[in-house]
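This report asks how the parts of one protein chain are arranged and held in contact. Please consult the sequence and the structure below while reading.

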Amino acid sequence: MPEMPEVETVRRTLTPLAVGKTIKRVDVWYDKVIVGDVKSFQQQLKGKTIEKIDRYGKYLLFRLGDLTIVSHLRMEGKYRLTTADAPREKHEHLQFVFTDGSALRYDDVRKFGRLQLVETGTERIVTGIKHLGPEALSPEFTEDYFAKALKNKTKKIKNLLLDQTVVAGLGNIYVDEVLWQAKINPVAEPKDLTKQQVQDLYEAINSTIKEATKLGGTTVHSFLNAEGQAGGYQDRLEVYGRAGEDCLRCGEKLVKIKVNGRGTTYCPNCQRLKS
């Protein structure tokens, strides 16, 4: 599932492939991939040039002057550059055909991803971005902000980090990793964390996101960047996907449980739940 490092990697690899290209037409093969009216989406994009590709949290923002395409990859979404007349692959649901004959195609096995066309500047008002907290590594995501945001919260810490309202960009993989690094049990309540634990968790979030982004994200199942390359951070994972193996810190067997339906791996010794 693409999380912030993966989406940032897609943005960086997609930029030289798509920026500067002018849209001749948009072919939509699965209508539900578009939020709103499909025909309006297609008509408004004719003749528009992709000027820049931004990102917020797990959302890609294709800037086309007065319009912005907000793209959420969800679990399996990915982009690739090809030619307009190339045979369509099984899970390709949309293509932007450019005036130079190339085409940017959106592929999504699970069909969960969505694209929404909005007026530039309104994306934090009319799209899912409006629900997001500040990004990890951003100037707004300070230790003081983080401590205040966790104060008095009774939701399990893993659930809180996953819901994107306190900090944007973390998904299941990185939440398991940062909680292990900070020695925090995934079902602990934020209000019960010590000042040191909050500080350790804050530092773990920033350092993990920074390192994962540097290495091009994590490929556990199917993530590929816009150039078709896998990430490199999967070789650094310390708990995710290692249930039943020895904890790299203390040697205890790692355990996998469900937290709000999400598979969660942790160390029962290092990450003891406060009684």
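The model described here is predicted. Within this model, five strands form an open sheet with mixed pairing, and their order is β2-β9-β5-β4-β3. The edge strands are β2, residues 34-35, and β3, residues 52-56, each of which pairs on one side only. The bridge partner of I34 in β9 is L115.

Helix α2, residues 38-45, lies across β2, β4, β5 (67-72) and β9, and runs at about 60 degrees to β9. Helix α1 lies across β3 and β4 (59-64), running at about 175 degrees to β3.

Helix α1 also packs against another helix. The axes of α1 (residues 4-18) and α7 (residues 195-214) are 8 Å apart and form an angle of about 35 degrees. The crossing of these two helices is right-handed. On the α1 side, the contact is made by M4, P5, E8, T9 and R12, while α7 contributes I209, A212 and T213. What kinds of residues make up the contact of α1 with α7? Four are nonpolar, two are polar and two are charged.

Helix α6 presents a further case. Is this helix, residues 172-181, largely enclosed by the rest of the structure or largely open? Nine of its ten residues are buried, and therefore α6 is largely enclosed. A residue counts as buried when its relative accessible area is under 20%. The buried residues of α6 are N172, I173, Y174, V175, D176, E177, V178, L179 and W180. Among the elements that cover them are α1, α5 (157-162), α7 and β11 (262-266). After α6 comes K183, whose phi is positive, near 60 degrees.

The final topic is charge pairing. In general, side chains of opposite charge can pair when their charged atoms come close. The structure holds 20 salt bridges. Three of them are listed in the table, with the separation of nitrogen and oxygen and the relative accessible area of each residue.

| Salt bridge | N to O separation | Relative accessible area |
|---|---|---|
| D163 and K155 | 2.8 Å | D163 26%, K155 39% |
| K158 and D176 | 2.7 Å | K158 0%, D176 2% |
| K253 and D246 | 3.0 Å | K253 48%, D246 38% |

The surroundings of these residues can be read from the last column. K158 is buried at 0% relative accessibility, and D176 is buried at 2%. By contrast, D163 is partly exposed, as is K155. K253 also counts as partly exposed, and so does D246.

E8, R11, R12, R55 and E135 are linked in a network of salt bridges. Two members of this network, E8 and R12, also take part in the contact of α1 with α7.

Methods: Residues numbered from 1 in each chain as written. Predicted model: local features only at pLDDT ≥ 70, side-chain atom pairs only at ≥ 80, totals over all residues. Heavy atoms only, no water. Axes fitted to C-alpha atoms, helices over the stretch in contact; angles between N-to-C directions. Helix = DSSP H or I, 4+ residues; strand = E, 2+ residues; numbered from the N terminus. Left-handed = near helix turned anticlockwise from the far one by under 90°. Contact = heavy atoms within 4.5 Å. Nonpolar A, V, L, I, M, F, W, Y, C, P; charged D, E, K, R; others polar. Pairing = 2+ DSSP bridges. Buried < 20%, exposed > 50% of the residue type's maximum accessible area, 1.4 Å probe, protein only. Salt bridge = Lys/Arg side-chain N within 4 Å of Asp/Glu carboxyl O.
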